[in-house]
Amino acid sequence: MAQQKTILRALAGETLATPPIWMMRQAGRYLPEYKATRAQAGDFLSLCYNPELAAEVTLQPIRRYGFDAAILFADILLLPQALGADLWFVTGEGPRLSTITSADELAKLKPTDAIHDTLNPVYETVKILSRELPKETTLIGFAGAPWTVATYMIAGQGTPDQGPAHALKAENRPVFEGIIDQLTEGTIAYLSKQIEAGAECVKLFDSWAGSLQGDDFTNFSIKPMQRITAALKEKHPGIPVIAFPRGAGPKYAGVHASTGADCVAVDDGVDAAWVAEHVQKDGCVQGNLKSSHMVTGGDALISETRRICDALSKGPHIFNLGHGITPDADPENVQLMIDTVRGA
Ligand code: CP3
């Protein structure tokens, strides 16, 4: 039967007259209804592990805006927690984790099979969503890519330059590679369960790929994403995968082929016209409006949105921001972006 959902059609390589649209972090603190549900849950992690409330915040931006896709509400750092790392969030600062930098600490991580004990509520959220989403809305599951998740596990927090992960890579290669391998296996198991629960597409967030140079980019961003993509497609033939090596710059060219992903998500550091010529020629692309337009709005938002749609109109395109929407964004600017894309 012909595929009807617009996101899945674009992922399959179809060029649509109007690009389908969703937004990274579309369930988030710029929405008053999100803040209310988060307060009800108590804190961010309690929200992630409460299937009813996590499904509720996933649905909020769909109800408000009618996006073409919903992204499961969870976090890339739930997998390290399921592997045995301590995880907590410091308000106003971000995540904190117990660190892993030695062979002993690596050996203490739980085996892949054990992750589901912690992650079962996430699969429950996916099941609720696949029942409750409108029939035209695609459900996207996700995980962090191994390098990005490793940067948090090694440093114990977010870092501007991923220094501690680069240092471990230089000083104790076996432990660094062991962490990447364990995350690769864990991510395959985690995303397989999301797919079995009803995710129709999965996205790999390699938010810190931009700090990997030369062979490191190939070995620690591309290859783990390729292994994950191949394993998922073997278990779940036809499942579309979106790869997001954020900050890859000119290295975005060739990422469809090197990872096997159906779609490459691009950040706002590359120009849409360049993306059309060098990335979209190989398949679907997703992106790449600067998130700050959701704060500033106005004519600049409209003209940039049109420019990106025009530049990418000759091939498969899913409209999105170049990175997540920020808490200071104005919900009305999101509507303006959607109206501009849809030509309303
Ligand atoms: O996109 C979505 O709406 C789906 C849910 C989602 C969240 N995080 C919810 C979240 C997704 C896909 C993520 C991915 C994620 N998480 C990434 C990769 C994408 C990116 O942004 O680069 C990263 C690096 C993380 C780790 C993480 N989670 C950080 C660094 C932070 C703190 C920074 C911040 O924005 O506060 C989080 C917290 C987080 N994850 C929030 C949300 C909605 C905010 C928490 C809150 O409500 O207080």
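1. The second largest pocket has a volume of about 170 Å³, a volume being the space filled by probe spheres set on grid points joined across faces, edges and corners. A pocket is an open set of points on a 1 Å grid over the protein atoms alone, where a 1.4 Å probe fits, with protein on both sides within 12 Å along at least five of seven lines; lining residues have an atom within 4 Å of a point.

2. The model is predicted: local features need pLDDT of at least 70 and side-chain atom pairs pLDDT 80 or more, while totals for chains, interfaces and linings use all residues. Residues are numbered from 1 along each chain as its sequence is written, and side-chain values use heavy atoms, without hydrogens and water.

3. Lining the second largest pocket are 13 residues, with A17, T18, P19, C309 and S313 nearest its centre. Helix α15 gives the largest share of this lining, 3 residues.

4. The largest pocket holds about 1300 Å³ of space. Its lining comprises 43 residues, of which R25, R29, F44, D75 and F89 lie nearest the centre.

5. Around the ligand are 21 residues, R25, Y34, R38, D75 and S207 coming nearest (near: a heavy atom within 4 Å).

6. Polar contacts are pairs of N or O atoms within 3.5 Å. A side-chain N or O atom of R38 is 2.6 Å from a ligand oxygen, and one of D75 is 2.7 Å from a ligand nitrogen.

Technical notes: Polar contact = N/O pair within 3.5 Å; in protein donor to acceptor, adjacent residues only side chain to side chain. Helix = DSSP H or I, 4+ residues; strand = E, 2+ residues; numbered from the N terminus.
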